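Biologist: I'm new to this one. Could you walk me through how to read its helices?

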Amino acid sequence: MFPNYVVIKSKEKDLLRNVLNEVLNGFAIQNFEETIGISRSELERLFEYFNNHSAIPEVQLTPRQESAAVKALRATLQELGSEEFHTRTGFDFAEGEIVLQRFTRL
């Protein structure tokens, strides 16, 4: 049986890619695996996947990968706050919150 995939479209894909970069390279996360739900090396592979598919309009994530990306988004919103979030990700804080709410409802 094939795992169910979640499709992440262009703008959300770019936002999540930038968020993963911040989690990996921008600020420290205590209890990384507990907070994000996967190991740092797994998140690095996910970030690489986003980078390798940057020209493609959408990517497919497993539920585990999607959950980690959403947790990374939540951590980034909390860590950076509204002004710094925009500066470091290129997206408005409100956009990040909307994406977080959308994925949380799923």
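Predicted model: local features only at pLDDT ≥ 70, side-chain atom pairs only at ≥ 80, totals over all residues.

Biologist: How are two packed helices described?

Modeller: You use the angle between their axes and the distance between the axes. Take α4 (residues 63-89) and α5 (residues 93-105): they pack at an angle of about 155°, with axes 9 Å apart. Since angles over 145 degrees count as roughly antiparallel, that makes α4 roughly antiparallel to α5. The crossing of α4 past α5 is left-handed.

Biologist: Which residues of α4 and α5 make the contact?

Modeller: On the α4 side you'll find E66, V70, L73, R74, L77, G81, S82 and F85. On the α5 side there are F93, G96, E97, V99, L100, F103 and T104. Sort the residues of this contact between α4 and α5 and you get eight nonpolar, four polar and three charged.

Biologist: And at what angle do α1 and α4 pack?

Modeller: Helix α1 (residues 10-26) packs against α4 at about 90°, and their axes are 9 Å apart. Angles of 65 to 115 degrees count as roughly perpendicular, so α1 and α4 are roughly perpendicular to each other. From α1, the contact uses L15, L16, N18, V19, L20, E22, V23 and G26. From α4, it uses A69, A72, L73, T76, L80, F85, R88 and T89. The residues of the contact of α1 with α4 divide into 10 nonpolar, four polar and two charged.

Biologist: What span should the 17 residues of α1 have?

Modeller: At 1.5 Å a residue, α1 should span 24 Å. The C-alpha atoms at the ends of α1 are 23 Å apart, which agrees.

Biologist: Which residues of α1 are buried?

Modeller: They are E12, K13, L15, L16, N18, V19, L20, E22, V23 and L24. What covers these buried residues of α1 includes β1 (6-9), α2 (32-36), α3 (40-52), β2 (58-61), α4 and α5.

Biologist: Let's zoom in on A69. Does A69 count as buried or exposed?

Modeller: A69 lies in helix α4. Buried means under 20% relative accessible area, and A69 has 1% relative accessibility, so A69 counts as buried.

Biologist: What is A69 in contact with, leaving aside its neighbours within four places in sequence?

Modeller: Setting those neighbours aside, A69 is in contact with L16 and L20.

Notes: Residues numbered from 1 in each chain as written. Heavy atoms only, no water. Axes fitted to C-alpha atoms, helices over the stretch in contact; angles between N-to-C directions. Helix = DSSP H or I, 4+ residues; strand = E, 2+ residues; numbered from the N terminus. Parallel < 35°, antiparallel > 145°, perpendicular 65-115°, else oblique. Left-handed = near helix turned anticlockwise from the far one by under 90°. Contact = heavy atoms within 4.5 Å. Nonpolar A, V, L, I, M, F, W, Y, C, P; charged D, E, K, R; others polar. Expected span 1.5 Å × (residues − 1). Buried < 20%, exposed > 50% of the residue type's maximum accessible area, 1.4 Å probe, protein only.
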